[in-house]
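Dear colleague,

Please find below the structure that I am handing over to you, with its sequence. My findings follow it.

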Amino acid sequence: MRLPLLALLARGPAHGYELKQDLEQLLGSAYPQPNVGQIYVTLGRLEKSGLIEGEDVEQSSRPNKKVYHLTDAGREALRAWYEETADEPRVRDEFFMKLALAPQTGLADQIALINKQRRQYLNTMRQLSKLAAAEDRDNRIAHLLIEGAMLHLQADLDWLERCQEELEELQ
Amino acid sequence: MSESTAEVLRAEGLVKTHHGEGAPAHAVRGVDLRVARGEFVAITGPSGAGKSTLLHLLGGLQRPDAGSIWLDGECTDGYGEARWAVERRKRIGIVFQFFNLVSDLSVADNVELPALLAGVPPRKARAEREELLAELGLAGKERSMPGELSGGEQQRVALARALVNHPPLLLADEPAGSLDSKGTREVMRLLSRFHRRGQTILLVTHDARLASAADRVISFFDGRIADDAELDGVPPRGRGISGVLELKD
């Protein structure tokens, strides 16, 4: 959550609740919303490490709110973030170890394991389809997020298929 | 409801072996299947698993070496080519990966043709066609020729053609197989919409996204059913959907 908050502040000063709303608007209903407490905690940490600075603003009928802005160090951290590429997605290593070790344990059938895992992925895929159908059509970022999750699942399902083809030949 | 009306399709012991050059290919090796009225079933599996052959058997486009098929409780063992052709106009609608539209007929004629062949009066055929094309977002394309349309549009015309006679069963063979991501979503949305209205659908696809629109997914491997799962939409164990969507630092 740290760098996305910095990125939101690059546009201009904002307080915690505004940042939460900005995130919601950007990513749509599909994205699991961070609670506002989590955002305040993160902002506190960012301030402590000197990447942002907060300023109390008086409000007439409510407690003061804290408006944060990016420091030079914060802008530098953000720039470094954009310089890096992200890590590759990973193979489902826990499932793979279960599958690879199943014959030795005598506790599980490999094909049954694959079938069970496939059911879970398909159910998740179905939920993602429903989310996509419910999401505002014009929110492209939200749709790209859901589509990304679906394509990753599709890859995992394809891989399960390959496992099944290979392992059924052996049986 | 009697068994015959509850079950749109039933197959028992279906076997089909292709004898081409080289070794015989055992495409379908003993398949039992029941599809209830109103169900949306997807058959997925790797290419070459025999799932398209299975769909062709179920639509009477090929004949099984063994086994039987019942449509609405009626055994089709004695059906000849002509009878199957009639069933494909009345009881079974089919869409294919490459649309199979008649290239020198207009969009309107492609959709009306099966209705006219089934003996529907021309005026009624036209009304059905107008309604379906409007529903599928193709109003204004009636006079176009198939070649002038995008892949996604051609598949929507094929869907209108398959549904013009209100068949109890819709068979779809890789309906998004030659479409881009946007076209795939469109096909998915339309199949779901017809399903919600009660259309029974049997879909063959290797695309898990498309399959997940169904409420039952059959995994087909090497000519056999490896798994037959109801998708309940219940959040899976663990972090489930938020686990796959949450962006992490």
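The centres of domain 1 of chain A and domain 2 of chain A, taken over C-alpha atoms, are separated by 35 Å. Please bear in mind throughout that this is a predicted model. Domain 1 of chain A covers residues 2–83, and domain 2 of chain A covers residues 93–170, according to the domain assignment. Where the two meet, domain 1 of chain A contributes six residues to the contact and domain 2 of chain A contributes nine residues. On the side of domain 1 of chain A that touches domain 2 of chain A, four residues are nonpolar, two are polar and none is charged.

A record also describes part of chain A. UniProt, in an unreviewed entry, places the feature "domain: Transcription regulator PadR N-terminal" at residues 5–79 of chain A. Over residues 5–79 of chain A, the chain is 51% helix and 19% strand.

I turn next to the contact between the chains. Here 26 residues of chain B are in contact with 30 residues of chain A. On the side of chain B that touches chain A, at least two residues each come from helix 8 (208–211), strand 9 (216–221), strand 10 (224–230) and helix 9 (240–245) of chain B. Helix 9 of chain B gives the largest share of that side, with five residues. By type, the residues of the side of chain B that touches chain A comprise 15 nonpolar, five polar and six charged.

Chain B also holds an open sheet of four strands in the order 2-1-4-5, with antiparallel pairing. Which strands of chain B stand at the edges? They are strand 2 (25–36) and strand 5 (74–75) of chain B; each has a single partner strand, so one side of each is left without a neighbour in the sheet. Strand 1 (residues 7–18) of chain B pairs with strand 2 of chain B over nine bridges, in the antiparallel sense. Opposite Lys16(B) stands Val28(B), in strand 2 of chain B.

Finally, one residue in a loop deserves a note. Gly198(B) lies in the loop between helix 7 (181–196) and strand 8 (200–204) of chain B. Is Gly198(B) buried or exposed? Gly198(B) counts as exposed because it has 9 C-beta neighbours inside 10 Å, and the cut-off for an exposed residue is 12 or fewer. From Gly198(B) to Ala162(B) the distance is 15 Å in space, C-alpha to C-alpha, and 36 residues in sequence.

Yours sincerely

How values were computed
Residues numbered from 1 in each chain as written. Chains lettered and ligands numbered in written order. Predicted model: local features only at pLDDT ≥ 70, side-chain atom pairs only at ≥ 80, totals over all residues. Buried ≥ 20, exposed ≤ 12 C-beta atoms within 10 Å, placed from the backbone. UniProt positions renumbered as here; feature names shortened; annotations may be inferred. Pairing = 2+ DSSP bridges. Contact = placed C-beta atoms within 7 Å. Nonpolar A, V, L, I, M, F, W, Y, C, P; charged D, E, K, R; others polar. Domains from an automatic or database assignment.
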